[in-house]
Amino acid sequence: MVTAARRWELWGTEACVIVTEPSMLDRAVDLCRDVCHGVEMACSRFRDDSELMILGNRLSEGQEISDVLAAIVRSALAAAEMTDGDVDPTIGSALLGLGYDRDFALLDVPRNRAAEPQGSIAVTTVAPAWTRIGLAGNRLEVPKGLMLDFGAIGKALAADWAAHRISSTLGCGSMVSLGGDLATAGEAPPEGWVVLVQDLPDDPSGCVRLRSGYAVATSSTQKRRWSHSGRQVHHIIDPHTGLPAEAFWRTVTVAAKSCAEANTISTACVVRGRRAPSWLRDLGVPARLVDSAGRVSTCGGWPPDEMAGQP
């Protein structure tokens, strides 16, 4: 089976679409771009014209929201419940306090503001608050003082939705990758969807083959890093402290039936640190973990790095 692929920059990372019918590639890319734009316009913290930012403080009074934003919020709350709050959509204030107040690609661009004292970190969220969010139908209520961030779940959902829209609209197999989030839909190539799993170029690498309908997500403490108040920080926040999670794991990669589920589990594993493997065994999902020393461990049937398997 012949496939065709296209890559482009999106959200400070790389987007990629692969289809099993090369003649459909242009339309597939347009569909993916449309889905991603819809997600961005619904929930981006970095666009003043996104639905989330336009509603702003009015959410404390309860507001009707779009179907897209409601689906994102619903998925975020499900992720928080599944992980006992280790993945919490109310970490927006913590990220803002750490300087993550614009698109990641712009974080190294100097801004005109007074220098912050060296060694200080502003913390505005110190405890999980997702249980205070109310969503009834499409009516969303968020208490004052809580800032929502849907960056991780939004990207994973965009991958899921784009892969399924491409497959259902064009009738071909599709794989959509948005950074470390990858979803598939429709008929897979005979050899499966072959995925290289590697974070940075010098990191250990492995290869897996995905059956149709499976997804993979990788959470990393290495890539989305920036300097704040004289120290390096990363974007995976421990909601219980409001600070970046301890980098016990360099990366955690999980395979699941949806990218949103895989992303939820991989993110929670980074937050849980050394407690992650036992939780993964209880869940029974295939996963690959790389610790701070570069040592690889796997569970749930994930193949060794020298092999290609089918999680």
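Predicted model: local features only at pLDDT ≥ 70, side-chain atom pairs only at ≥ 80, totals over all residues.
1. S7 covers residues 181–185 and S10 covers residues 215–220; the two run antiparallel and are joined by three bridges.

2. Eight strands make up an open sheet, and reading across you get S1-S2-S6-S7-S10-S15-S16-S17, with antiparallel pairing. Which strands stand at the edges? They are S1 (4–10) and S17 (296–299); each has a single partner strand, so one side of each is left without a neighbour in the sheet. On average, neighbouring strands of this sheet are turned by 10 degrees against each other, direction ignored.

3. At the S1 end, S1 and S2 run antiparallel and are joined by seven bridges. Arg 6 has Val 17 in S2 as its bridge partner. The two strands form a hairpin with two residues between them, and Trp 11 in the turn has a positive phi of about 55 degrees. Helix H1 (residues 25–43) lies across S1, strand S2 (13–19) and strand S6 (174–178), and runs at about 30 degrees to S1.

4. S16 and S17 pair in the antiparallel sense over four bridges, with Val 290 opposite Val 296 in S17. These two also form a hairpin, this one with four residues between the strands; Gly 294 in the turn has a positive phi of about 90 degrees. On its other pairing, S16 goes with S15, again antiparallel, over five bridges. Trp 249 stands opposite Asp 291 in S16.

5. Is strand S16 (residues 287–291) largely enclosed or left open? Five of its five residues are buried, so S16 is largely enclosed by the rest of the structure. In a regular strand the side chains alternate between the two faces of the sheet. Here Ala 287, Leu 289 and Asp 291 point one way, while Arg 288 and Val 290 point the other way, and all are buried. Note that the list includes Asp 291 and Arg 288, both of which count as charged.

6. Helix H5 (residues 151–170) and helix H6 (residues 259–272) have axes 8 Å apart and pack at an angle of about 150 degrees. The cut-off for roughly antiparallel is over 145 degrees, and H5 and H6 are therefore roughly antiparallel to each other. Their crossing is right-handed. On the H5 side, the residues in contact are Ala 152, Ile 153, Ala 156, Leu 157, Ala 159 and Asp 160; on the H6 side they are Cys 259, Ala 260, Asn 263 and Thr 264. Sorted by class, that contact has seven nonpolar, two polar and one charged residues.

7. What does H6 meet in helix H7 (residues 276–283)? The axes of H6 and H7 come within 9 Å and cross at roughly 150 degrees. Ile 265, Ala 268, Cys 269 and Arg 272 in H6 meet Ala 276, Trp 279, Leu 280 and Leu 283 in H7. The class count for this contact is seven nonpolar, no polar and one charged residues.

8. S4 pairs with strand S5 (residues 139–141) in the antiparallel sense over three bridges. Within that pair, Ala 136 has Arg 139 in S5 as its bridge partner.

9. Finally, some whole-chain numbers. The protein chain has seven helices and 17 strands. Of its 311 residues, 51% are buried. Taking contacts between residues at least 6 apart in sequence, 65% join residues at least 24 apart.

Definitions and conventions:
Residues numbered from 1 in each chain as written. Heavy atoms only, no water. Axes fitted to C-alpha atoms, helices over the stretch in contact; angles between N-to-C directions. Parallel < 35°, antiparallel > 145°, perpendicular 65-115°, else oblique. Left-handed = near helix turned anticlockwise from the far one by under 90°. Contact = heavy atoms within 4.5 Å. Pairing = 2+ DSSP bridges. Buried < 20%, exposed > 50% of the residue type's maximum accessible area, 1.4 Å probe, protein only.
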